Amino acid sequence: MSKIPYRICAFLLCGFLIPPIFAAEPVISPNVANQLQSRQRPTPITSARAAPGVWEMADFEEFATTNNPALQSAVQRIAVLEGRWVQEGLGPNPNMAYYFDDFGSHNSGTHNIEITQEIITNQKLSRAQNVVYQEIQISREKMEMEKLRVLTDVRVAVYKYISVRQKVALYKELLSLKRQAFQAAETLCKSGEIPRTNVLALGVDAHQTEVDYITSQNDQEAAWRQLACLLGDTDMEPVVVDVSLELSVVENSWEVLCATLMSTSPEIAAAKAEIERAYKQYELEEARNSSDITLDGELKFDTDENTMRAKVGVIFPLRVRNRNQGNIAAARSEIHVAKTEYERVVLKVRSRFADVYRNHINAKNTATRYRDQIVPYAAEAMRLVESGYKAGQMNYLDVLTAHQQFTEANIAYIDSQTAFWQSLALLEGKLLSGCLGE
């Protein structure tokens with residue numbers, strides 16, 4: 001069998017190199033490529049372990065954004081789409097076929113080499129990349145949404161942990177006072193100075209406070225475990241928290257906060273990007289109505305006659321039935337769906353904002369009233385009762401009642417402070433929460 005001539009090898013080489021040159025469309029659209037490369041790719045998140053010491057809110061936020069699995073998933077979803085973006089810009093590979101006829105003859109036969117290359121027309125590759133690019137933009141907004149959910153949940157959990165820890169201290173102090181009263185009453189009862197019914201009443205009151213104290217301790221442990229889950233480290237031991245519940249003096253009006261939310265909400269931005277993606281999909285489906293071209297080149301070398309023949313052909317489909325009209329109609333409808341969804345998201349965000357803003361204002365007003373009036377009044381009443389008891393003008397039950405009122409006022413004050421900061425965390429987090437799902 002004769003060797004294939006060098007001209008055939010040259011033809012093979014041209015078959016691989018020339019067809020891609022015929023494709024006028026670039027593999028990657030320059031505009032989209034520049035926009036994609038100009039954005040910093042999300043850095044993969046690495047795990048971190050909790051460090052001992054005093055933690056501020058910023059420490060909790062940094063730790064959570066490093067360890068929370070919701071953000072890990074969001075980063076990987078963007079990486080998946082970036083891979084798809086690259087793949088959509090890659091044109092089809094050339095195909096080559098080799099045939100040899102008349103195997104029974106010696107040093108004779110016919111060598112046939114055929115190379116085909118499909119040429120993608122009407123910028124379908126770059127248009128497909130544009131669609132994926134918009135999906136990347138949507139995923140970036142969703143990643144920002146996940147980050148805000150994480151930060152909001154962590155802030156809410158930190159404020160909850162601080163509040164229950166302060167309640168534990170209040171119940172502990174009140175329980176110690178009631179136990180002392182109960183022990184003193186038992187001593188007086190044994191000497192016949194007070195009836196047994198007073199002792200029993202003090203005992204019931206002390207046991208009820210002990211139940212509240214134990215419940216608050218369990219609440220504290222549960223609040224820390226929930227916070228540890230949000231931080232992504234379930235084995236994390238409690239740390240010293242340096243976060244205050246004192247009210248903030250910064251206050252913005254409804255109009256300012258609402259305008260800021262409408263312009264910066266990633267929910268709204270994602271819905272707007274979905275409209276753009278729908279338009280890009282429509283452009284792609286319109287482009288797919290045009291026919292792609294297949295170049296067909298064949299080289300035949302006859303060793304008997306020592307002749308070589310070549311032929312070149314062009315193959316293109318006749319679009320008499322399938323003109324992609326179904327996908328075009330579907331893409332046109334998707335634009336309308338995306339627009340109405342955008343309007344729905346805007347209304348949903350405004351509705352949630354109204355609810356959260358109301359809770360925030362109510363919590364602020366309540367906390368201010370407790371701070372400026374109720375708690376000071378309860379503290380003054382407790383001091384007067386204690387002074388009257390020392391002067392012999394009041395009994396110990398009056399002292400306990402005053403301490404009970406003071407503790408209840410402080411607990412209500414703590415609850416209102418917590419509600420204030422938790423609602424503020426929702427406002428700062430663009431109303432987004434629930435990073436771990438339902």
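1. The structure holds 20 salt bridges, a salt bridge being a side-chain nitrogen of Lys or Arg within 4 Å of a carboxyl oxygen of Asp or Glu. The model is predicted: local features need pLDDT of at least 70, side-chain atom pairs count only at pLDDT 80 or more, and totals for chains, interfaces and linings use all residues. Residues are numbered from 1 along each chain as its sequence is written, and side-chain values use heavy atoms, with hydrogens and water left out.

2. The protein chain has 10 helices and six strands. Helices (H or I, at least four residues) and strands (E, at least two) are DSSP runs, numbered from the N terminus. Of its 438 residues, 40% count as buried; buried means under 20% relative accessible area, exposed over 50%, and partly exposed in between (1.4 Å probe, protein chains only).

3. The accessible surface of the protein chain comes to about 24,700 Å², and 53% of this belongs to carbon and sulfur atoms. Accessible areas come from the Shrake-Rupley method with a 1.4 Å probe; for residues, only the protein chains shown count as cover. Among contacts in the protein chain with a separation of 6 or more, 82% are between residues 24 or more positions apart, where contact means heavy atoms within 4.5 Å.

4. Side chains of opposite charge can pair when their charged atoms come close. Arg140 is buried at 12% relative accessibility, and Glu82 is buried at 12%.

5. A salt bridge also links the side chains of Lys167 and Asp415 (2.5 Å, N to O). Because Lys167 lies in helix α5 and Asp415 in helix α10 (residues 396-428), this pair ties together parts that are 248 residues apart in sequence. Lys167 is buried, with a relative accessible area of 18%, whereas Asp415 is partly exposed at 36%.

6. In the salt bridge of Glu285 with Arg288, the closest N and O atoms are 3.1 Å apart. Glu285 is buried at 6% relative accessibility, while Arg288 is partly exposed at 36%. Elsewhere, salt bridges that share partners join Glu61, Arg155 and Glu428 into one network.

7. Which residues form the negative surface patch? Glu56, Asp59, Glu62 and Asp242 do. Patches are made of residues with over 30% relative accessible area and no salt bridge; like charges are joined within 9 Å, and nonpolar side chains (Val, Leu, Ile, Met, Phe, Trp, Tyr) within 5 Å. Lys and Arg count as positive and Asp and Glu as negative, while His and the chain ends are not counted. Glu56 sits in the loop between β1 (54-55) and α3 (57-67) and is partly exposed at 44% relative accessibility.

8. A nonpolar surface patch is made of Ile293, Val314, Phe316, Leu318 and Val320, with about 500 Å² of accessible area together. Val320 is in the loop between β6 (307-315) and α9 (325-390), and it is exposed at 59% relative accessibility.

9. Asn112 belongs to strand β3 (residues 110-119) and is buried, with a relative accessible area of 5%. Leaving out residues up to four places away in sequence, Asn112 touches Ala97, Tyr98, Tyr99, Asp101, Glu298, Leu299 and Lys300.

Technical notes: The place of a charge is taken as NZ of Lys, CZ of Arg, CG of Asp or CD of Glu.
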